[in-house]
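I set out to look up aromatic ring contacts and wrote down each entry as I went.

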Amino acid sequence: MPLEVIKGSLRVLKNYLPRNLQKVDFEHLQLGCDYTNKYFQGTVVTSYPLSRLGNGTSFLKIVLQESESLCSKSDTINTSVLGKLAEDCAGVIHQGDIMVVAGFSVAKSTNEDDERCCRLEVSDEAGSTIYVCTRSPRTMTASETVAMPVAPKYTYTLLNHLKDGTVVNLYGAVKFFKPPYMCKGTDYCSVITIVDQSNTKLICSLFNANRDALPKIYKNGDIVRFHRIKIKEFGGQLQGITNSGFASLTFDGTVGAPVVPRTSSKLFTFTDEDKKTVEDLRVWVATNLSNSALAAKLCGIQPPVFFDLTCQLVGKAKVDGSSYLLKVWDGTKCPFPSWKVLVKEDDLEGDSVLICQLKQLSVDVVVYDNHVRLAKSLKVGNFIRLYSLHAKTQSPEGKPDVAYIQFHLHGGTIYGRGITVLPENHTDVEDLKAFLNSVDLTEDECSERPSSPEHDSSAYFTLGSCLERCQQLSVTVLTDHQHLDITALSTILNSRIPQPYRIRAKLRQFEPEKLHQSVKLHCPQCNLLQEVPDRTELDLVIREASATCPSPDFQSASFCESVVWDTENQGDRHVVIHFVQHNELLQVPEHSLVLIEGGMLQEILKLSKKFKGIIPVRSTEDNLVLLDLSAPFLWQGNMQYYGCKHCSNSKVMSSLSPLAAQEDPSWEPAVIAQALGIVPLQYVFVMTFTLDDGTGTLDVYLMDCKDFFQIPASEVLLSNILQENMERIMNKLCPTGKNLDNFPWLECFIKSYYVQDGREQQLCYRIFNTMIAEDV
């Protein structure tokens, strides 16, 4: 049998093992070795819930400690049980059991923080066998929590004695925390800042695939006990992170409250000495740790304010893809008319009679983005705590004298924002239930017409109408991807996966402030960005590249008719003009392409006003070639066209012969560039926008030729009128001297992507498929 459960002593277990098996210790475990006839023995430190891999294979993770004693400091190793064997082991193996793994393989660890860098892997297919020696004669259920019959002695470290790279046990009081939230990958994360009597704080980042396995913290001031937490230094500061075998207990931090641990572990140690430690910390917390979070009742709300609300859920419904409605009450009445969100009756989950009875006492809370998943899982009747809930007043458009209050749980986890379900036996829940039971609910409230916004069409806004109003105020237009839902900036900031987003935000600031400096030259192939040379720089480049004067006896090229242009009062300097011929004839000047050799900037500008195009060149022994790609390869009127030095493979001027032989040569820049092997640079606007949607701020990159502003970047530097138009647009998007609340909304598409910055990759954001509305 792949799984053998033995009841008895360790000696019974060893006698049960096949004679051909040989024991292997930690130091002899190596990748690539054959362990078919070997076994590893350890004590179960942690057994995680059964889960499934992406291909559907059952998976069970077990942490084993080599020593039989849980108080030993010997190393631990992760064990991955796969397939049917994982299903057989789930619910059978418990913390404290002795486990023997036979016929295993050693694989590379997938956990970066795992110092052992390897793990055991067992499965039916590999012929593995697991032998389990249970310590207790009875079977424990998953809901049971018991103390170990013999409590090992643990040593606890004060926070001011922590050292980098150690694994310790410690006690602390919660100064700040973020309720567990889904991070990248499949794990939940909880960030907790703890302090102790040494007045030292420690930030802990804890991860687990099972949300319930993370510390059950409900408020600042709670007491936590962490076993086997790893200490690491980040940015010059010590932090605590999850380690193999990590376990936690949490206690109410109120002096006099029952000392009852909150934990998902089936086995844990807790002695009289531990109880005294908790009580001592409680006394210290009462005089040294202030609760920075504002807890309030609905009746005491004075918006605008962020606060924590303990309440009961009476109804819930989906609003849209990124928001969810929770109808809650705490037995008190909000002093302001409250915002009521209209949803379809069939979509609203909850007792319709009770919801109607509580119409005057309940409020609608809309939660956004990363909180939606948890909101959907809540059960009507749950007692919950909403952390960093935002209450603000809002007036209908055109009616500033009418106001109502809105409740939002914005996306992200900043300031500990989140939702927690409180257990029925929690002190705050027991108090709230007693108070709710004392509230007198009349039967006929449903038929009454209260003076609240939901029955006043002049003051009643649904979430949809608010979104519509924001869209009406938007000064941008989306040109594609209309199927994407709006995502909060806080959600985007917490995601590390490159992807497109639709956002709605305001422009807090932009760079560069001098708008003409935003025009750059961009190579579409290598993504090179460079400044547009000014007149002084161009003059210097052309002078240096034309330092070798053409010979005055230069002979005309086969496709050109060449003449020497003598310069006055400039010594021996000569300028040669090569007129490109068409069918051995010269075209009229406005249709002619001219090659200039030895010319200065002023002479090129003078010719560009008369001819279709000017190409600066120089002579080699037998050919004419481009002057220098640091200068424009083509001049047309006031417009200059540049080529990329890195991507271009310049050809000689005779490559223009096929174009000159065409019936009607157009001499367009793109056609000339292709004939001469040049990759043209594009004129683009390059700007940085700092966007703000109330949930966070994000620096977004704008690189656009002409679509966003509906002004060609190539023409802005040539036209004062276009520059004034840009200034007018930016003053509309980011008006000076006004409060951010009065700024217009920008609805944009952005995409996140990684760029290489030295040895590191940096996540950047860029606007796309968005343009300024024509009326702006």
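Is Phe-749 buried or exposed? I find Phe-749 buried, because its relative accessibility is 0%, where buried means under 20% relative accessible area, exposed over 50% and partly exposed in between, with a 1.4 Å probe and protein chains only.

I note that this is a predicted model, in which local features need pLDDT of at least 70 and side-chain atom pairs count only at pLDDT 80 or more, while totals for chains, interfaces and linings use all residues. Residues are numbered from 1 along each chain as its sequence is written, and side-chain values use heavy atoms, with hydrogens and water left out.

I searched the whole structure for aromatic pairs and got 11; rings of Phe, Tyr and Trp (its six-membered ring) pair if their centres lie within 6.5 Å, and planes under 30 degrees apart count as stacked, over 60 as edge-to-face and the rest as tilted. I looked up Phe-579 and Phe-611, a tilted pair with 5.8 Å from centre to centre and 55° between the planes. Phe-611 is buried, at 16% relative accessibility.

I then turned to Phe-749 and Phe-768, whose pair is tilted because the planes stand at 35°, with the ring centres 5.8 Å apart. Phe-768 is also a buried residue, with a relative accessible area of 17%.

I checked for charges over rings, which requires NZ of Lys or CZ of Arg within 6 Å of the ring centre and within 35 degrees of the ring normal. The charged end of Lys-751 sits over the ring of Phe-768, 5.5 Å from its centre, and Lys-506 lies over the face of Trp-745, 4.8 Å from the ring centre.
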